Amino acid sequence: MLSRVKIIFENGLLGSSSPMDDGVCGHIYTGVAVPGKLELNKPYLMTKFDALADFGVTAGTTEIINGEEVFTPDPNANMYKAVKEHYDIAPQGSKLYFMCVADTVKMSDMVDKTKSYGKKLVEYSNGAVRFLFCFKKDAATYTPTILDGLDEDVYLAATEAQKLGVHTADVCFAPSIVFLEGRHFNGVPADLKGLHQGDLNRVGILIGDTVCGSNGATLGTLSGTLASIPVQRSIARVRSGALPVSKLYIQDKMVEDADVEVIHDKGFITFRTFVGKAGYFFSDDKLATKVTDDYALIPRRRIVDKAYRIGYITLLEELNEELPVDDKGRIPAPIAKSIQNSVERAIMNNMTAYRNLGNDPSDPNDTGVECYIDTNQNVVATSQLDVRLRVKPYAYPKYIDCYLGFKVGQA
């Protein structure tokens, strides 16, 4: 086995942008090639919405026929919609890696780590992609098989997406989260599978779109939001303001008329409104895993993934380093302390300094990170050095109870 640094995610421990590109997104669309401009199965990079024109992609064309305007959608109009919705929120200049594939490619194929779609896009970005989004436009001959309220391929894709997310972390050292459209939702929330019964903590499924009666979802709105906020921030944060969309639908119902609470309780990401507050908001930032999973929420997953990347790069400098040892093969405490300090300093400089961690501001000694190396390890005998790294998340109040009564003055 080759020498290596391995970061192992621990679970069960819990009971605006920084110099790192924390919000880099990757999109995969089904579409058609544009001769000389856009090839299928080839990864690309854009940094602004206007770049779509360079790839020959538009919303469509308008012609005057018999005195009337007739609009013909572009064959890649789904890509146009996704990129526009992304950059309606994400800052111009932010990186968006993308790939177009034939409409015969299933969503489960897009995220299959054995195939050259999602995996290829992450590798093309040199591991920069933090989020992968899959946009599907059905082939004209496609007939979905509905299972648990959705096209059954959505659930298959979710399983494959988890494998891909784990692969990018363990093999590419570039942990990622995959988001899927809740395609062909039958409109009955009670039929949906309970995602909180699974363990897919690198997968999220969105239900809801900006188009009435859509069989897909507005993943562009989700990707733009994630590209624009720091790792610790919830997409459902009310103080961030309403989403920049005029209307949102769950199938053919406006969000305000749909039973979004059941969809939310099933573990899906969807949209909601608030009495007394204009506009639409994400319902929550759930991933398709148990509520007891430390990484059940997007910001927690993002926080630990960022720490993973920093920890890996920092500890890589110690690989095959000459370390002095005592007569029992153990490294001295000052050496262990030096390595611990290097890791903590890197996390502090790249996370604590940007308020990515939930450290107590009233405690100057609380940096939100702790690195520990047990000096009783016989490194000479095993050639292995175990390092414990902990980072502190934020709390996210999901329920607020306020007790209201009359104030009665003292006699």
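**Strands, helices and their residues**

Colleague: In which strand does Gly 279 lie?

Modeller: Strands (E, at least two residues) and helices (H or I, at least four residues) are DSSP runs, numbered from the N terminus. By this numbering, Gly 279 belongs to strand β15.

Colleague: What kind of model is this?

Modeller: Residues are numbered from 1 along each chain as its sequence is written, and side-chain values rest on heavy atoms, with hydrogens and water left out. Local features need pLDDT of at least 70, side-chain atom pairs count only at pLDDT 80 or more, and totals for chains, interfaces and linings use all residues; the model is predicted.

Colleague: Is Gly 279 buried, exposed or partly exposed?

Modeller: Buried means under 20% relative accessible area, exposed means over 50%, and partly exposed lies in between (1.4 Å probe, protein chains only). The relative accessibility of Gly 279 is 30%, so this residue counts as partly exposed.

Colleague: How far apart in space are Gly 279 and Ser 246?

Modeller: In sequence, Gly 279 and Ser 246 are 33 residues apart. From C-alpha to C-alpha, their separation in space is 7.6 Å.

Colleague: Which residues does Gly 279 contact, leaving aside neighbours within four places in sequence?

Modeller: Contact means heavy atoms within 4.5 Å. With those sequence neighbours set aside, the residues in contact with Gly 279 are Ala 242, Arg 272 and Thr 273.

Colleague: In the hairpin of β14 and β15, which residue in the turn has a positive phi?

Modeller: Two strands pair if DSSP finds at least two bridges between them. Strand β14 (residues 271-274) and strand β15 (residues 277-282) have three bridges and pair in the antiparallel sense, and Arg 272 stands opposite Phe 281 in β15. Two residues separate the strands of this hairpin, and the turn residue with a positive phi, about 85°, is Gly 276.

Colleague: Which residue takes a positive phi in the hairpin of β3 and β4?

Modeller: Strand β3 (residues 60-65) and strand β4 (residues 68-73) are antiparallel and pair over six bridges. Gly 60 has Pro 73 in β4 as its bridge partner. With two residues between the strands, the residue that takes a positive phi, near 55°, is Asn 66.

Colleague: What is the phi of Arg 355?

Modeller: Most residues other than glycine have a negative phi. Arg 355 lies in the loop between α8 and β17, and it is exposed because its relative accessibility is 63%. Although Arg 355 is not a glycine, its phi is positive, at about 60°.

Colleague: How do the buried residues of α8 lie when seen down its axis, and within what arc?

Modeller: Helix α8 (residues 333-350) has 18 residues and reaches 26 Å from first to last C-alpha, close to the 26 Å expected at 1.5 Å a residue; the expected span is 1.5 Å times one less than the number of residues. Its buried residues are Ala 336, Ile 339, Gln 340, Val 343, Glu 344, Ala 346 and Ile 347. The arc is that of the directions from the helix axis to the C-beta atoms. Seen down the axis of α8, the buried residues line one face of the helix, because they fall within an arc of 155°.

Colleague: Which side chain is joined to that of Arg 301 by a polar contact of 3.2 Å?

Modeller: Arg 301 is found in helix α7 and counts as buried because its relative accessibility is 2%. A polar contact is a pair of N or O atoms within 3.5 Å; within protein, one must be able to donate a hydrogen and the other to accept it, and residues adjacent in sequence count only if both atoms are side-chain atoms. Beyond four places in sequence, the contacts of Arg 301 include Phe 9, Ile 177 and Tyr 295. The side chain joined to that of Arg 301 at 3.2 Å is Asn 201.

Colleague: How many residues of helix α5 are buried?

Modeller: Helix α5 (residues 219-228) is mostly covered. Among its buried residues are Leu 219, Thr 221, Ser 223 and Leu 226. Of the 10 residues in α5, the number buried is nine.

Colleague: How many disulfides are there?

Modeller: A disulfide is a pair of cysteine sulfur atoms within 2.5 Å. By this rule, the count is zero.

Colleague: How far from Cys 100 is the nearest cysteine sulfur?

Modeller: Cys 100 is buried, since its relative accessible area is 0%. This residue is in no disulfide, and the nearest cysteine sulfur, that of Cys 134, lies at a distance of 13 Å.
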